[in-house]
Amino acid sequence: MSKSDNDLIKQEKEKEAIEEAAALSPRLIFESIRRNGEEELERPMTALWFSGIAAGLLISFSVLTEAILRSHLPDAEWAYIVENFGYSLGFVLVIMARLQLFTENTITTVVPVMIDPCAHTIGRTARLWSAVLVANIVGAFIVAAFFAFGGVLSDDVAAAFTDLSRHATSFPALEGFMRGIPAGVLIAAIVWMLPSSKRNEIGLIVLFTWLIALGDFTHVIAGSVEMAYLMVQGQLAVGPAVLDFFLPVLLGNVVGGTMIFTVLTYAQVMPEVEEQR
């Protein structure tokens with residue numbers, strides 16, 4: 001191999017290293033999310049359904065791990081900070097496994113609607129949202145019943161699980177809605193940042209979801225596990241569960257993830273997207 005060939009190979013490797021190290025531009029991140037959203041919208045309903053149920057099941061590990069940590073940590077001021085790290089585990093499992101979590105779709109499948117806001121695209125997004133939300137709730141109730149009646153929780157962990165569940169569902173409707181907005185923003189931010197966080201995905205997910213727990217913000221799917229845990233044991237009636245917790249938090253997550261984060265991120269790339277089209 002000649003010296004010129006070696007130089008060319010070296011230049012190509014340097015070019016690849018520079019491109020890999022360079023941060024993705026907002027337009028490229030937006031395009032990555034758009035393509036992912038289009039793929040999700042084309043998935044069969046059966047795939048969405050079972051993926052959503054799996055996400056509802058696995059997100060329960062956020063509450064379970066937090067309950068385990070709470071039951072073992074001493075009664076100290078710093079314990080609250082440590083126990084809330086447990087909240088991240090369920091999100092790591094769901095996001096890294098690429099399961100269908102409703103709050104991720106407040107940005108992923110909304111981006112195609114912003115690019116092409118026609119009845120067909122809106123209908124596909126509504127179809128996916130409905131299927132994933134229902135599937136997440138079904139999964140949450142299944143795993144909540146398992147924890148409540150399966151005999152798998154020690155008395156201390158069960159007591160901590162109950163305390164966490166009562167706290168999560170105790171906010172007045174307006175406060176639950178307001179606390180749901182930052183959670184929606186942070187989940188959408190995770191989705192936005194994942195394409196440019198190669199090899200750092202878990203750290204990103206842990207940091208942002210830990211902040212959700214630390215800030216006492218409300219997340220509709222993780223919170224649904226807590227809601228279901230109380231409901232299956234007769235400790236929470238359907239009316240307060242739906243009207244005071246579920247619907248306000250759901251609306252808050254959608255407002256934070258879609259109406260605030262997604263709209264603002266689209267505004268910054270809209271001129272470039274329109275020019276490219």
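Colleague: What makes Thr 103 count as buried?

Modeller: Thr 103 has a relative accessible area of 1%, and buried means under 20%, exposed over 50% and partly exposed in between, with a 1.4 Å probe and protein chains only, so Thr 103 is called buried. This is a predicted model, in which local features need pLDDT of at least 70 and side-chain atom pairs count only at pLDDT 80 or more, whereas totals for chains, interfaces and linings use all residues. Residues are numbered from 1 along each chain as its sequence is written, and side-chain values use heavy atoms, with hydrogens and water left out.

Colleague: Where does Thr 103 lie, and which residues does it touch, not counting those up to four places away in sequence?

Modeller: Thr 103 sits in the loop between α6 and α7 (105–108), where helices are DSSP runs of H or I with at least four residues, strands are runs of E with at least two, and both are numbered from the N terminus. Beyond those sequence neighbours, Thr 103 touches Ile 187, His 219, Val 220 and Asn 253, a contact being heavy atoms within 4.5 Å.

Colleague: Why is Asp 216 described as partly exposed?

Modeller: Asp 216 has a relative accessible area of 21%, and it is therefore described as partly exposed. Asp 216 lies in the loop between α12 and α13 (220–231), and its phi is positive, about 60 degrees, although it is not a glycine.

Colleague: Why are α6 and α12 called oblique to each other?

Modeller: The axes of helix α6 (residues 88–96) and helix α12 (residues 201–214) come within 9 Å and cross at roughly 135 degrees; axes are lines fitted to C-alpha atoms, for helices over the stretch in contact, and angles run from 0 to 180 degrees between N-to-C directions. Angles under 35 degrees count as roughly parallel, over 145 as roughly antiparallel, 65 to 115 as roughly perpendicular and the rest as oblique, so α6 and α12 are oblique to each other.

Colleague: Which residues of α6 and α12 meet?

Modeller: On the α6 side they are Ser 88, Phe 91, Val 92, Ile 95 and Met 96, and on the α12 side Glu 201, Ile 202, Ile 205, Val 206, Thr 209 and Trp 210.

Colleague: What makes α2 roughly perpendicular to α9?

Modeller: The axes of helix α2 (residues 26–41) and α9 come within 10 Å and cross at roughly 75 degrees, and that angle makes α2 roughly perpendicular to α9. Glu 38, Glu 40 and Leu 41 of α2 make the contact with Arg 124, Thr 125, Arg 127 and Leu 128 of α9.

Colleague: How do you know that Thr 262 is buried?

Modeller: The relative accessible area of Thr 262 is 0%, so Thr 262 is buried. Thr 262 belongs to helix α14 (residues 238–276) and, leaving aside its neighbours within four places in sequence, is in contact with Thr 106, Ile 107, Val 110, Val 111, Met 114 and Gly 257.

Colleague: How many helices and strands does the protein chain have?

Modeller: The secondary structure comes to 14 helices and zero strands, and buried residues make up 48% of the 277 residues in the protein chain.
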